[in-house]
Amino acid sequence: MRTVAAILRKDLVLELRTLETVPAMVLFSLTTFVIFHFALNRATVAGQLAAGILTGTLLFAAMLAVNRLFVAEREQGGFDAFLLAPVDRSALLVAKALALFVFLAVLEVIALPAFALLLLGPSLGRPLGGLVILLALADVALAVVGTLVSAIAVHTRARDLIGPIIALPLLIPALIATARGAGPLLAAHGATLPAGRWLLILALYDLVFALLAYAVFDFLLED
Amino acid sequence: MGPPPHIHGRGLRGLAVATTAVVAAALALVFFYAPLDSDQGFVQKIFYIHVPLAITALCGFVLGGLLAIAHLRGGHSRWDLRSYVAIHMSLIFAVGALITGSIWAKASWGHWWVWSDPTLTSFLIVVLLYATYQPLRFSIEDPERQARYASVFAVVAGAFVPMNFIVVRLAQGVVHPRVLTLTGGHLPGSMRLTFTVSLIGIALLYATLCKLELSAKRSRIQLRRLRRQLLGEDAVGYARRSAAPS
């Protein structure tokens with residue numbers, strides 16, 4: 001636990017001092033909303049269309065963080081230092097997934113109001129609680145799969161390319177559940193809570209991939 | 001001295017003969033024995049190729065994951081080679097299944113691609129995922145790391161295959177003709193016999209092609225080793241970087 005806390009603190013301090021990843025994700029998301037406005041030629045969107053734009057944008061913004069997640073470890077010898085330390089290796093997985101989760105949460109705190117302001121037709125206030133639950137579960141999926149894929153991709157030659165092309169198909173089930181769950185929430189006079197089955201699918205997806213990542217992560221560090 | 005030379009591809013001839021016989025029998029049954037489908041007519045016969053291809057490919061993907069587990073636990077590169085061949089061949093079969101499925105969709109639903117069908121859609125997602133297996137291998141230079149990372153990918157993707165099918169099925173209505181349920185559905189006996197023989201034929205074809213590729217790869221690896229022993233380390237350059245285990 002202390003190892004996890006130490007690595008997580010290191011990552012968050014690093015991000016606070018360099019402001020490299022999260023501002024880029026925020027800018028990317030805002031620009032993507034503008035692009036959707038012009039590409040769809042719509043002033044406001046609602047329902048499934050809004051849910052698709054929101055989840056798709058967040059998914060692609062997450063890819064930016066996935067590409068950066070282990071770069072400092074690789075370029076500045078963090079992997080070697082970590083392997084030399086007498087600590088449980090899964091701590092790195094947990095800490096990095098938590099860091100990615102925090103990045104995504106911060107991104108959504110900014111991007112969600114911006115989305116409501118720029119594109120969303122119906123009010124965001126009523127379904128906000130349900131949306132937060134749904135996005136929290138989706139963020140766990142993005143964090144776990146993103147960390148696993150990032151650990152694979154960081155040692156490849158074309159890591160910026162390999163990361164997204166592996167992560168995106170793996171995340172399609174999570175995207176389906178998030179987008180379909182958010183659709184009724186963002187509709188005019190829509191639901192306030194997402195349908196139980198989408199939450200259940202997301203929770204199940206999170207659980208399966210968390211266990212899988214935990215099982216295989218050690219093999220990505222051996223050297 | 002290296003390990004003693006092996007005869008690669010032992011048993012390949014017998015397997016190839018059996019495959020040819022079963023595939024020929026399956027084709028004969030498809031065209032001369034199985035009855036014409038009452039709604040779809042002749043084009044329905046592509047079902048006897050399409051479904052076995054898809055089933056074999058999916059089983060091959062999961063098999064690749066299981067072989068990769070053996071590689072990660074034991075650490076011997078021969079399991080990585082087997083896992084590689086299983087996934088490589090499954091990918092080829094899966095593309096075949098997508099093409100035949102598309103032809104069938106055009107003939108029976110009037111469109112080359114139908115998003116509302118969960119089986120076809122989840123199959124496409126699986127193919128997109130496995131299409132990254134070779135680029136991943138190719139972009140890792142160290143052979144040992146390449147094998148280890150590819151195995152991690154194969155395990156994760158192998159577990160992803162069944163989960164993906166469940167999620168996509170939950171997300172959409174069912175359009176796909178569900179002729180093969182656990183209870184046997186309502187497939188007439190003659191169709192079921194033809195289908196079973198086709199499935200065995202395609203599975204045997206998969207096994208034969210895997211064995212052929214395995215023995216070719218092993219022979220090439222052994223040839224390089226022998227040449228290096230005979231001519232010296234420097235005379236034989238290292239293998240060109242490739243996606244295949246070398």
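A residue is counted here as buried if 20 or more other C-beta atoms lie within 10 Å of its own. By that criterion, buried residues make up 37% of the 246 residues of chain B in this predicted model. The secondary structure of chain B is helical, with seven helices and zero strands, so that the order of its elements from the N terminus can be written α-α-α-α-α-α-α.

Two packed helices are described by the angle between their axes and the distance between the axes. For helix α3 (residues 47-68) and helix α8 (residues 159-185) of chain A, the axes come within 9 Å and cross at roughly 150°. Because angles over 145 degrees count as roughly antiparallel, α3(A) is roughly antiparallel to α8(A). The crossing of α3(A) past α8(A) is right-handed. On the α3(A) side, the residues making the contact include G47(A), A51(A), L54(A), L59(A), M63(A) and V66(A). The α8(A) side contributes, among others, R159(A), G163(A), A167(A), L171(A), L175(A) and A182(A).

The contact between them draws 24 residues from chain A and 25 residues from chain B. On the side of chain A that touches chain B, at least two residues come from each of α7 (128-153), α8 and α9 (196-216). The largest share of that side, 10 residues, belongs to α8(A). In composition, the side of chain A that touches chain B has 18 nonpolar residues, two polar and four charged.

In soluble globular proteins, nonpolar side chains tend to be buried together. The largest nonpolar core in this model has 133 residues, and those with the most contacts inside it are A141(A), V145(A), I152(A) and F153(B). Helix α7(A) gives the most to this core, with 16 residues. As for V145(A), which residues does it touch, not counting residues up to four places away in sequence? The partners of V145(A) are A167(A), L170(A), L171(A) and F209(A). Of these, A167(A) and L171(A) are also among the residues through which α8(A) contacts α3(A).

Technical notes
Residues numbered from 1 in each chain as written. Chains lettered and ligands numbered in written order. Predicted model: local features only at pLDDT ≥ 70, side-chain atom pairs only at ≥ 80, totals over all residues. Axes fitted to C-alpha atoms, helices over the stretch in contact; angles between N-to-C directions. Helix = DSSP H or I, 4+ residues; strand = E, 2+ residues; numbered from the N terminus. Parallel < 35°, antiparallel > 145°, perpendicular 65-115°, else oblique. Left-handed = near helix turned anticlockwise from the far one by under 90°. Contact = placed C-beta atoms within 7 Å. Nonpolar A, V, L, I, M, F, W, Y, C, P; charged D, E, K, R; others polar. Buried ≥ 20, exposed ≤ 12 C-beta atoms within 10 Å, placed from the backbone. Core = buried A, V, L, I, M, F, W, Y, C linked by C-beta atoms within 7 Å.
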